[in-house]
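Me: I'd like to learn how to read a model like this one, feature by feature. Can you take me through it?

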Amino acid sequence: MLKTTVFSQIIRGEILADILYQDQYITAFRDVSPKAPIHILIVPNIQISTLNDVLKSDTYMLGRMVMTAISIAKNEGIAESGYRLIMNCNKDGGQEVYHIHLHLLGGRPLGAILDR
Ligand code: AMP
């Protein structure tokens with residue numbers, strides 16, 4: 001059985017978060033340690049540890065994550081100025097929480113995709 005994550009606890013309402021959107025598939029909330037003026041995480045309600053564990057049957061949910069990120073970007077007023085969507089996988093990808101999530105970042109020029 002998977003070890004529960006802080007994101008599962010947020011989804012279940014056991015830990016407080018600034019939740020912007022929730023439906024039967026996904027939950028979106030503000031990152032507790034924002035790396036940009038707008039930093040929102042879009043997370044599947046079921047715990048999937050890494051992108052390597054995604055199944056074909058998760059395709060709809062993954063599309064919903066992206067569609068929701070786009071919709072939130074519009075609501076947050078950053079759609080036209082621009083934003084970045086990121087998913088980190090495993091150690092070299094910089095993944096810290098092992099419950100897949102899509103980062104929505106914006107509100108300032110974000111620069112090159114990688115510093116080095
Ligand atoms: P990653 O490095 O891709 O796994 O990103 C994990 C993200 O989760 C980081 O940006 C953290 O700031 C964020 N995070 C960790 N704990 C919380 C929390 N309790 N509420 C909101 N965001 C969190």
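Me: Is F7 buried or exposed, and how do I decide?

Reply: Go by relative accessible area: under 20% is buried, over 50% is exposed, and partly exposed is in between, using a 1.4 Å probe and protein chains only. F7 has 7% relative accessibility, so F7 counts as buried. Before going on, a caveat: this is a predicted model, where local features need pLDDT of at least 70, side-chain atom pairs count only at pLDDT 80 or more, and totals for chains, interfaces and linings use all residues. Residues are numbered from 1 along each chain as its sequence is written, and side-chain values use heavy atoms, with hydrogens and water left out.

Me: Where is F7 found, and what does F7 touch?

Reply: Helices (H or I, at least four residues) and strands (E, at least two) are DSSP runs, numbered from the N terminus. F7 has its place in helix α1. For touching, the rule is heavy atoms within 4.5 Å. Leaving out residues up to four places away in sequence, F7 touches F29, L41, V43, V97, H99 and H101. Along the chain F7 and Y98 are 91 residues apart, yet their C-alpha atoms are separated by 9.0 Å.

Me: H101 turned up in that list. Where is H101, and why does H101 count as buried?

Reply: H101 lies in the loop between α3 and β5 (102–106). H101 counts as buried because its relative accessibility is 7%. Its contacts, again not counting residues up to four places away in sequence, are F7, L41, I42, V43, M65, I86 and M87.

Me: Which polar contacts does the side chain of H101 make within the protein?

Reply: A polar contact is a pair of N or O atoms within 3.5 Å; within protein, one must be able to donate a hydrogen and the other to accept it, and residues adjacent in sequence count only if both atoms are side-chain atoms. Here, a polar side-chain atom of H101 is 2.7 Å from the backbone oxygen of H99. The side chains of H101 and H103 are joined by a polar contact of 3.5 Å.

Me: On to the ligand. How many residues surround the ligand, and which are closest?

Reply: A residue is near a molecule if one of its heavy atoms lies within 4 Å of it. By that rule 18 residues surround the ligand, and the closest are D31, N88, E96, H101 and H103. Helix α1 (6–11) and the strands β2 (26–30) and β3 each supply at least two residues of the shell. The largest share, three residues, comes from α1.

Me: Which polar atoms of the protein lie by the ligand's oxygen and nitrogen atoms?

Reply: An N or O atom in the H101 side chain is 2.8 Å from an oxygen atom of the ligand. K35 has a polar side-chain atom 3.4 Å from an oxygen atom of the ligand, while a polar backbone atom of V32 is 3.1 Å from a nitrogen atom of the ligand.

Me: Where is S49, and what surrounds S49?

Reply: S49 is found in the loop between β3 (38–44) and α2 (59–75). S49 is buried, since its relative accessible area is 15%. Its contacts, with residues up to four places away in sequence left out, are L2, Q95, Y98, H99 and I100.
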